Amino acid sequence: MEDRWTEKKKRILLNIAFYGIMGIAVLAVCKYIIPVMLPFIIAYLVAALLQNGIRRLGRSSRSKKLLAIILCTIFYLFAFFLLMFIGGEVLGGFGRLIEAAPGIYSKQIVPLLEIFSNRTEKTIAAVNPQLAQQLEIAFANFTQNIGSYISQLSLNLVKWVSQIFAGIPGFLIKLVITVVATFFITIDYDKIVAFARQMIPEERRESVIKGKDYVKNILWIYIRSYAFLFCVTFLELLAGFTILRIPYAGALSLAIAIFDILPVLGTGGILIPWAVVLIAMKEIPLAIGLLILYLVILIVRNMLEPKIVGKQIGLHPLATLISMFLGLSLIGVIGLIIFPVTLTVFFNLRLKKKMDEEKEGGQ
């Protein structure tokens with residue numbers, strides 16, 4: 001009995017040490033290696049994406065090389081014009097929204113806050129007049145601070161734009177490296193993959209290739225599924241805001257669709273409080289419209305997500321939220337994507353291993 005308990009403790013300690021080392025390694029890779037190697041990672045992903053088309057259309061090695069150059073050129077030209085169009089629309093929408101923010105705050109938000117403050121003060125004044133007076137002073141300071149902050153949004157926007165322009169030289173260098181690396185990798189993709197396989201020990205080659213294919217499939221399902229759900233949510237919001245005649249529909253739809261990616265919160269984290277505020281402001285038709293829009297999005301999401309994402313991707317929302325928060329805290333914005341994806345892949349690999357072990361045990 002004692003030997004079994006000792007063996008169990010050793011196994012637990014070994015598992016803790018193994019997962020601890022793996023966690024530190026993943027963190028080090030995400031924080032130090034991925035940002036530096038990002039141009040080459042993007043180049044490889046683009047090259048891998050273009051391989052199906054090259055293999056189908058190209059017959060000889062010479063035609064494949066020419067086809068690789070043509071497809072790379074088309075891909076980057078399309079990506080450039082698409083980003084220019086989307087970026088122009090988004091920046092224009094947010095710029096107009098920020099310009100209008102002081103007026104929206106003074107005409108709509110401040111009256112609502114004053115109504116809430118007056119009612120609260122009257123209720124508290126009946127019990128404690130001194131506390132009501134302190135609350136009145138605190139509310140006045142609060143509204144003044146918020147008003148000055150919103151007034152500074154335009155100045156902050158100018159600073160932000162100047163910072164973006166300051167980072168353009170470095171971005172252009174990385175972009176040129178990415179494009180050039182994509183051409184080289186796409187042309188010699190098969191040779192590079194074959195060389196990488198030769199670097200793996202023969203006894204582990206098959207398991208590594210199977211693991212890579214499984215991870216690639218999981219990542220593809222994850223990215224494709226949530227990209228599709230993001231687009232559906234964005235289009236639903238855009239259509240709803242346009243019907244309700246809400247200004248800056250495009251920018252607001254994009255911002256809420258991005259917020260919808262966060263687990264637990266979703267579109268309800270914005271649309272429901274917004275509807276409550278509108279009800280308090282006695283704009284009942286618009287509030288009902290927003291609630292109907294939220295219900296439509298919720299129903300469509302609950303119908304599509306199980307079919308598109310599938311059970312193999314499912315993680316508890318709390319686990320996803322924790323991984324996103326850790327990713328953001330430890331390595332920045334890129335961690336919002338890398339940490340949940342890594343956790344999903346790890347979870348599914350463990351699940352697959354357990355299922356394989358159960359099958360072997362059953363046989």
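These legends accompany several close-up views of one predicted protein model.

Residues are numbered from 1 along each chain as its sequence is written, and side-chain values use heavy atoms, with hydrogens and water left out. As the model is predicted, local features need pLDDT of at least 70 and side-chain atom pairs count only at pLDDT 80 or more, while totals for chains, interfaces and linings use all residues.

**View 1. The helices of the protein chain.** The protein chain holds 12 helices and 0 strands, where helices are DSSP runs of H or I with at least four residues and strands are runs of E with at least two, numbered from the N terminus. Of the 363 residues in the protein chain, 24% are buried, that is, under 20% relative accessible area with a 1.4 Å probe, counting protein chains only.

**View 2. The largest nonpolar core.** A nonpolar core is a set of buried Ala, Val, Leu, Ile, Met, Phe, Trp, Tyr and Cys residues joined through side-chain atoms within 4.5 Å. The largest one has 15 residues, and those with the most contacts inside it are L237, F241, L271 and L290. Two or more residues each come from α7 (202-243), α8 (249-260), α9 (268-280) and α10 (284-309), with α10 giving the most, 5 residues.

**View 3. The surroundings of L271.** Leaving aside residues up to four places away in sequence, L271 touches L237, F241, I256, L290, Y294 and I297, a contact meaning heavy atoms within 4.5 Å.

Definitions and conventions:
Buried means under 20% relative accessible area, exposed over 50%, partly exposed in between (1.4 Å probe, protein chains only).
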